[in-house]
Amino acid sequence: MSEESARLARALIEFREAEGISERELARRTWLSEATIRTFEHDRGDLPTPTVARSFEEVLGWTPGSIKTTPSEAMSREPSADSAMDRE
């Protein structure tokens with residue numbers, strides 16, 4: 001459990017309680033799945049990907065970049081030879 005993920009978990013729970021909304025409603029507002037909401041509210045210790053972090057920042061009213069992120073797999077992978085062939 002990292003300090004950053006614990007901070008995010010507390011913020012999400014406090015936001016839902018203050019707004020009186022369900023996980024489902026928070027998922028709708030962030031365009032994320034309920035499973036994603038549960039994962040971060042239960043502080044599984046992982047940092048969110050940049051896309052997830054931006055969604056949370058928007059809903060929580062935090063400045064962009066205020067949530068530490070983990071690199072997205074898709075962003076860090078080199079394109080494979082197969083995917084290059086698909087584009088031809």
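Which residues in H2 are buried? In this predicted model, they are Glu-23, Leu-26, Ala-27 and Thr-30, where buried means under 20% relative accessible area, exposed over 50% and partly exposed in between (1.4 Å probe, protein chains only). Seen down the axis of H2, these buried residues fall within an arc of 105°, so they line one face of the helix; the arc is that of the directions from the helix axis to the C-beta atoms. An α-helix has 3.6 residues a turn, so residues three or four places apart point the same way.

Before going on, a word on the model. It is predicted, so local features need pLDDT of at least 70 and side-chain atom pairs count only at pLDDT 80 or more, while totals for chains, interfaces and linings use all residues. Residues are numbered from 1 along each chain as its sequence is written, and side-chain values use heavy atoms, with hydrogens and water left out.

Now for the whole chain. The protein chain has six helices and zero strands; helices (H or I, at least four residues) and strands (E, at least two) are DSSP runs, numbered from the N terminus. Of its 88 residues, 33% count as buried.

Back to H2. Its buried residues pack against helix H1 (3–19), H3 and H4, with contact meaning heavy atoms within 4.5 Å. The face turned away from that buried side carries the exposed residues Arg-24 and Arg-28. After H2 comes Trp-31, with a positive phi near 65°.

| Pair | Distance | Angle |
|---|---|---|
| H2 (residues 23–30) and H3 (residues 34–41) | axes 8 Å apart | about 105° |
| Phe-40 and Phe-56 | ring centres 5.7 Å apart | planes at 75° |

Axes are lines fitted to C-alpha atoms, for helices over the stretch in contact, and angles run from 0 to 180 degrees between N-to-C directions. H2 and H3 are therefore roughly perpendicular to each other (under 35 degrees counts as roughly parallel, over 145 as roughly antiparallel, 65 to 115 as roughly perpendicular and the rest as oblique). At their contact, Glu-23, Arg-24, Leu-26, Ala-27 and Thr-30 in H2 meet Glu-34, Ile-37, Arg-38 and Glu-41 in H3.

The structure holds one aromatic pair, with rings of Phe, Tyr and Trp (its six-membered ring) pairing if their centres lie within 6.5 Å. Phe-40 and Phe-56 form an edge-to-face pair; planes under 30 degrees apart count as stacked, over 60 as edge-to-face and the rest as tilted. Phe-40 in helix H3 and Phe-56 in helix H4 (residues 50–60) are 16 residues apart, and both are buried.
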